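Here are my notes on this model, in numbered points. Please read them with the structure open.

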Amino acid sequence: FRTPWSGQREREEVEMALTRFLDHARRPGARTVLATEAPVEAVVSVGGETVRLKGTADVLELDEAGRVVVVDLKTGKYK
């Protein structure tokens with residue numbers, strides 16, 4: 001924790017965030033995590049040109065319909 005006096009407040013915020021995450025992950029219909037920090041690559045056509053896209057997906061999940069969902073996590077302090 002950054003300072004002794006803020007430790008309890010920060011601990012409570014972390015516990016609430018973890019509770020929200022677990023509630024979300026355990027809900028009916030929750031997606032299944034396939035991979036984290038997964039390398040991804042795709043070839044697409046843009047304006048008649050073929051373009052290769054390469055990068056890393058924060059999380060790949062599988063939904064109830066069997067579709068892959070790409071999740072891009074934002075880790076900045078502010079929205």
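Contact, as used below, means heavy atoms within 4.5 Å.

1. Basis. This is a predicted model, in which local features need pLDDT of at least 70 and side-chain atom pairs count only at pLDDT 80 or more, while totals for chains, interfaces and linings use all residues. Residues are numbered from 1 along each chain as its sequence is written, and side-chain values use heavy atoms, with hydrogens and water left out.

2. D63. This residue lies in the loop between β2 (49-62) and β3 (68-71). Helices (H or I, at least four residues) and strands (E, at least two) are DSSP runs, numbered from the N terminus. Not counting residues up to four places away in sequence, D63 touches R31 and V69. The D63 side chain also makes a polar contact with the side chain of R67, at 2.7 Å. A polar contact is a pair of N or O atoms within 3.5 Å; within protein, one must be able to donate a hydrogen and the other to accept it, and residues adjacent in sequence count only if both atoms are side-chain atoms. Is D63 buried or exposed? D63 counts as buried, at 16% relative accessibility. The classes are buried (under 20% relative accessible area), exposed (over 50%) and partly exposed in between, with a 1.4 Å probe and protein chains only.

3. V68. This valine sits in strand β3. V68 is exposed, with a relative accessible area of 52%. Leaving aside neighbours within four places in sequence, V68 is in contact with L34, L60, E61 and L62. The C-alpha atoms of V68 and V33 are separated by 9.6 Å, and the two residues are 35 apart along the chain.

4. E37. Please check the backbone here. E37 has a positive phi of about 50 degrees, although it is not a glycine. Its place is in strand β1 (residues 32-46). E37 is exposed, at 53% relative accessible area.

5. E12. Helix α1 (residues 7-26) holds E12. E12 is partly exposed, with a relative accessible area of 40%. T36 is 24 residues from E12 along the chain, and their C-alpha atoms are separated by 27 Å.

6. Overall fold. The protein chain has 1 helix and 3 strands. Along the sequence they follow the pattern α-β-β-β. The radius of gyration is 18 Å, well over the 12 Å that the globule rule gives for 79 residues, so the chain is more spread out than a compact globule. That radius is taken over C-alpha atoms, and the rule is 2.2 Å times the number of residues to the power 0.38. Along its principal axes the C-alpha trace spans about 60 × 30 × 20 Å.

7. Of the 79 residues, 15% count as buried. Among contacts with a separation of 6 or more, residues 24 or more positions apart account for 26%.

8. Charge. The chain has 13 positive and 13 negative side chains, and the centres of the two sets lie 3 Å apart. Lys and Arg count as positive and Asp and Glu as negative; His and the chain ends are not counted. Each charge is placed at NZ of Lys, CZ of Arg, CG of Asp or CD of Glu.
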